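Hi everyone, thanks for making time. I'd like to walk you through one model today, going from its domains down to its backbone. Here it is on the screen.

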Amino acid sequence: MRQEHTSRLNEAVPRYTSYPTAPHFHAGITAETVRDWILRIEREEPISLYLHVPFCDRLCWFCACHTKQTRQYDPVASYVASLCREIETVSGLIGNRAPVRAIHFGGGSPTMLKPEDILRLGASLRNSFRLVDEPEISVEIDPNDMTEERLDALAAIGMTRASLGVQDFDPKVQAAINREQSFECTQRVVNGLRERGITSVNLDLLYGLPHQTCATLEQTVTKALSLRPDRIALFGYAHVPWFKKHQTMIADDWLPQPEERYAQSMLAARLIEEAGYQTIGIDHFARPEDSLAEAAREGRLKRNFQGYTDERCETLIGLGASSISRFRQGYAQNQPATSVYQRTVDEGGLATVRGIELSAEDHARAWIIERLMCDFAFDAEEAAVRFGPVARPLIAEAALLSTTGRHPWLVRRGDLFVVPEKHRPLVRTVAARFDSYLKQGEARHSAAV
């Protein structure tokens, strides 16, 4: 890849796990807005739930998630009680009309919960919502937290998929990011999950970390592959110390240069592909028989706040502080401050503080960007059929990108607009160039604030 391409790998462009992206959310979306959106969920429409646990018992310096460190469990137990109260409120609005197909526990570290609180949340969900017979229940796991009792509790609530944070196995890298985690610890948890019947295991790896080299990353990937995960997520470390102050613990000169960072990503991807995994989008891999790989082959791949998914639910309801919901009408985010969130839901209210309502153009632009992110292409004829006249100026934008410069970002093949293979590592930049929101900034929605 040429130098100008490698430099673009460090450009600040959205991950496009939603569209419009979170910086465009505004306070015009309120609890009353969300109450109305929930009441308008169609009968028998399957929905998914996301539960956010914003606590960790240690703070990893690479992390950009909404979380905070606590060494006392009392605030966590209090938070679980509030989360159960929010579950009751939301389920009361939905009633029995919408079955829950999928549940995802994220954080933070949801596995720092005590076994009795894991069971409490599981019981609250099953008693409050109408779950399908075999819902997909996925949990983000910090292997350092895991005990036999926690593994038993996760199995008891019906967990079907586990996502283990690994990042890197090299001791020097781990020390630099405050994430000490041995291969043996990770292996023990993977074995414990499989012994309890959890058949789908995902490992999260990072490249671009401090002191990381191609040699150390190769050792990490080789060890990760020896655990035979069903899926692997390979993310680039995002160094944003102005946004996440704890990242100031990582010195800039510890980080690999763009060329080395790109070489790391290509090396890791090659090793994973050579082990028989199918590439999913820009940063996921799956065994060919996995449902994610099947969805990619069949053009059913989706992208949401957890990354690539085969989840088909149009409605996702976020529960917990800072969690984001996706409705057909738009996005809504809960209060990030745990104290304010708890006070609101404990009084029986919804904790919404901001969001955005989707216009017809937003829906069309979101679909095109998702197809670019998932398939590296979109069909202009399908866009026109789906969205009618709204799609015409967007297709014109894509046509402009397909004719700009000697190396266009998109290539037109009949009705199909395709991201050239050499640009696929930069598909987020391609989407950003297509995305007029980034050009117009916040002004587009300022009237709604």
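Predicted model: local features only at pLDDT ≥ 70, side-chain atom pairs only at ≥ 80, totals over all residues.

Let's begin with the domains. Residues are numbered from 1 along each chain as its sequence is written, and side-chain values use heavy atoms, with hydrogens and water left out.

Between them, 15 residues of domain 1 are in contact (heavy atoms within 4.5 Å) with 16 residues of domain 2. The buried area, meaning the accessible area (1.4 Å probe) that two parts lose on being put together, summed over both, is about 1500 Å² for these domains, and carbon and sulfur atoms give 62% of that. On the domain 1 side, Tyr16, Tyr19 and Ile282 lose the most area to domain 2, together 39% of what that side buries.

Tyr19 comes up again in the backbone: its peptide bond to Pro20 is cis, with omega near -5 degrees. Pro20 lies in the loop between helix H1 (3–8) and H2; helices here are DSSP runs of H or I with at least four residues, strands are E runs of at least two, and both are numbered from the N terminus. A cis bond also links Gly107 to Gly108, with omega near 20 degrees. Then there is Glu44, which is not a glycine but has a positive phi of about 70 degrees; Glu44 sits in the loop between H2 and strand S1 (47–53). For context, most residues other than glycine have a negative phi, and most peptide bonds are trans.

Finally, helix packing. How do H8 and H9 cross? The axes of helix H8 (residues 214–226) and helix H9 (residues 258–274) come within 10 Å and cross at roughly 25 degrees, with axes fitted to C-alpha atoms over the stretch in contact and angles running from 0 to 180 degrees between N-to-C directions. H8 and H9 are therefore roughly parallel to each other, a label for angles under 35 degrees. Their contact includes Leu217 and Val221 of H8 and Leu267 and Leu271 of H9.

Thanks, and I'm happy to discuss.

How values were computed:
Parallel < 35°, antiparallel > 145°, perpendicular 65-115°, else oblique.
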